[in-house]
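Here is a short walk through one model. Keep the sequence and the 3D view open side by side.

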Amino acid sequence: MTVLITGANRGIGAEMMHQYQARNQRVIGTTRGAEGRDMLSVDVISDASLQDLSQSLSTQALDLLICSAGVYQDKGRYIGDDLPSDLWAQTFAANVTGVYKTIEACLPALRRSDKARIAIIGSQMGTRDKAQGGSYIYRASKAAVINLAFNLAHDLRKEGIAVGVYHPGWVQTDMGGEAGHVTPEASASQLIGHFDRLDMSRSGEFLAFDGAPHAL
């Protein structure tokens, strides 16, 4: 099985890459930084960079694409705080458009797989149940990418490509902070279990890392 993980240089993405490698599965990570062993330099907000990614996969079959790259730049900010238009644009470019464009770039390689799957890292912060105010840009971007996942699941069903979206928990990473309730190791392990089970019968699912179903 070949797995590609965006944003694999840090946080949950890095831990998932480590765990897949421990399973002796072929895993390709991406980072906006320099390339390294099993790591490609990919900027998900750059069309040219994504074209290069597509070209690098031009002869390969991709079994699982994990869209983990994302940003959270308005943490703890509220209405009346400085939330400039370019901050909205940057966040949506990475968290929504970047996910879509990455999937589009990888689609030819996914089509070569007998069991292609796409796993999108979402967040319950994009749901009504967790509408607790503040962080409007991040919350709105996650609501958008959850909706994107549902619609891609609908459209890719005819091609036999399963799509799921997953809340990783409040994870103890640079993004989540030290107060997080879940370690990266625990979150990644349980997410990978869901990805292993993802098939056409489960396509369109929105689950938390612990298996709890979510609705918008």
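Predicted model: local features only at pLDDT ≥ 70, side-chain atom pairs only at ≥ 80, totals over all residues.

Residues are numbered from 1 along each chain as its sequence is written, and side-chain values use heavy atoms, without hydrogens and water.

Start at strand S1, residues 2-5. Helices (H or I, at least four residues) and strands (E, at least two) are DSSP runs, numbered from the N terminus. Thr2 and Leu4 point one way from S1, Val3 and Ile5 the other, and all are buried (under 20% relative accessible area, 1.4 Å probe, protein chains only). S1 pairs with strand S2, residues 26-31, in the parallel sense over four bridges; pairing takes at least two DSSP bridges. Threonine 2 stands opposite arginine 26 in S2.

Now the helices. Two packed helices are described by the angle between their axes and the distance between the axes. Axes are lines fitted to C-alpha atoms over the stretch in contact, and angles run from 0 to 180 degrees between N-to-C directions. Helix H2 (residues 47-56) packs on H3 at about 30°, with the axes 8 Å apart. H2 is therefore roughly parallel to H3 (angles under 35 degrees). Asp47, Leu50, Leu53 and Ser54 of H2 meet Lys101, Thr102, Ala105 and Cys106 of H3, contact being heavy atoms within 4.5 Å.

H3 (residues 85-111) also meets H4 (residues 136-156): their axes come within 8 Å and cross at roughly 20°. H3 and H4 are therefore roughly parallel to each other.

Definitions and conventions: Parallel < 35°, antiparallel > 145°, perpendicular 65-115°, else oblique. Buried < 20%, exposed > 50% of the residue type's maximum accessible area, 1.4 Å probe, protein only.
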